[in-house]
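Here is a short briefing to read with the model open beside you. Have a look at the fold first, then work through the points below.

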Amino acid sequence: MDRKHIVELTALSGVPFTMVLGNSMLIPILPDLQRALDISSLQASLVITLFSVPASLIIPVSGFLSDHFSRKIVIGPSLLLYGLGGLVAGIAALLGGAATYVIILTGRILQGLGAAGTAPIAMALTSDLFQGQKRTKALGVIEAANGFGKVMSPILGAALGLLAWFAPFLFFPVITLAAAAALWFGVKEPQQTKKPQPVGKYLESLTKLFKKKTALLLLSYLAGSLALMTLFGILFFLSEHLEKRYGLEGIVKGLALAIPVLFMSATAYATGFLIKRKAKLMKAVLIAGLAVGSASLAVLPLCNNTYFFFTTISLIGIGTGMVLPILNTIITSSTDAEERGLVTSLYGSVRFLGVAAGPPVFSLLLQSGLKPMGWIPAGVTAATAVLSFFLIKSKDISQG
């Protein structure tokens, strides 16, 4: 990979890194937020959910616009809106008042709307810039940057939380300005070789694609959503569990929260470099990753030993890290560049929905005990692995 591509990939990696801070950096301070605002655990989880739901709804629009205009023209302003939402939430918390919680949620909605035009479009732009095995490696780096953001964000959030529980909100404008500048000056977007299709023709092409690769795309969307629902559900559970059971707080707690995402990031990076776009291998790794995740969730409620517990949550991260780079490659390579933005953005939507669902779903399941919280998601993940084994055909995994 030449210097130009290294610079572009570094700048592109800053987008998913910044985007993932939107939720992961706030996980460590949720108990403090709950106490400061005198709200319930479920209300605190809405700080995550009301970021992810708006993002999931708007991402397809962002994808459509990026296909018809420019990836960078969508990503740049989206990053700035993302930072503005953090500023709104941070100032509301700093000033206080009866409406603080509502204004924080409003800021989070703004952040979600901004996030819709960030990482999924950056993934499409990465696929525009890199071809063949370079694309697989580049997407592995992008997923690793996403994972590295998840590793650093709980540590960063915990460290900023030592200054004030709302300090992470005020950090968003700083990091988003840096990411927007790096993208704008560091990445030269390739010129479109074809004129954008009329809307009718565009939708017709997408319909044909989904008819041709229905099982591949739908199961990829399901697996991506499920993997991130599990990861963020577990992180939400850990944030409170680490305080209650182990008495961990501050940066030490942030380091403990980083364990599963550290393993996810390392595994995602390795997977992107090792699969080499071999269709049968990609399918095998996808199913194996789902199986590892399912088995780990099934065992989690039985972990009374501390070392066993942390080994299990590390395996959840490993399973997620096996799954996501495979799905990224499948999704971004399943279509031509003219429709790639929307297809990739739909995938981004279901990923955000998974993130949004994770904290409230795991919070509700936990009310019935540890076993339902672990075993129900384990069963759904196992079913997805079985469906993938029988319904995904290696020949449908594009080699383009």
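Helix α10 is mostly covered, with 24 of its 33 residues buried; buried means under 20% relative accessible area, exposed over 50% and partly exposed in between, using a 1.4 Å probe and protein chains only. This is a predicted model, where local features need pLDDT of at least 70 and side-chain atom pairs count only at pLDDT 80 or more, while totals for chains, interfaces and linings use all residues. Residues are numbered from 1 along each chain as its sequence is written, and side-chain values use heavy atoms, with hydrogens and water left out.

**Helix lengths and bends**

- Helices (H or I, at least four residues) are DSSP runs numbered from the N terminus, and the expected span of a helix is 1.5 Å times one less than its number of residues.
- For α10 (residues 214-246), 33 residues should span 48 Å, and the 46 Å between its end C-alpha atoms agrees with that.
- α10 bends by about 30° at glutamate 240, where the bend is the angle between axes fitted to the seven residues ending at a residue and the seven starting there.
- Just after α10 comes glycine 247, with a positive phi of about 65°.
- In α3, 28 residues should span 40 Å, and the end C-alpha atoms are 42 Å apart, which agrees.
- α3 also bends, by about 40° at isoleucine 58, and proline 60 follows within four residues.

**One face of α15**

- The 22 residues of α15 (residues 370-391) should span 32 Å, in agreement with the 32 Å between its end C-alpha atoms.

**Where α7 meets α8**

- α7 and α8 (residues 167-186) pack at an angle of about 115°, with their axes 8 Å apart. Axes are lines fitted to C-alpha atoms, for helices over the stretch in contact, and angles run from 0 to 180 degrees between N-to-C directions.
- From α7, Leu156, Gly157, Leu160, Gly161 and Leu163 meet Ala167, Pro168 and Phe171 of α8, contact meaning heavy atoms within 4.5 Å.
- The residues of this contact divide into 6 nonpolar, 2 polar and no charged. Here Ala, Val, Leu, Ile, Met, Phe, Trp, Tyr, Cys and Pro count as nonpolar, Asp, Glu, Lys and Arg as charged, and the others, Gly among them, as polar.

- Phenylalanine 148, in α7 (residues 132-163), counts as partly exposed because its relative accessibility is 45%.
- Leaving aside neighbours within four places in sequence, phenylalanine 148 is in contact with Phe17 and Ser265. Phenylalanine 17 is 131 residues away from phenylalanine 148 in sequence, yet their C-alpha atoms are 7.0 Å apart.
- Serine 349 lies in α14 (residues 337-366) and is buried, at a relative accessible area of 5%. Beyond neighbours within four places in sequence, serine 349 is in contact with Ser56, Ile59 and Pro60.
- Alanine 124 belongs to α6 (residues 119-129) and, at 0% relative accessibility, counts as buried.
- Aspartate 38 sits in the loop between α2 (30-37) and α3 (41-68), and its 70% relative accessibility makes it exposed. Phi of aspartate 38 is near 55°, a positive value in a residue other than glycine.

Technical notes: Helices (H or I, at least four residues) and strands (E, at least two) are DSSP runs, numbered from the N terminus.
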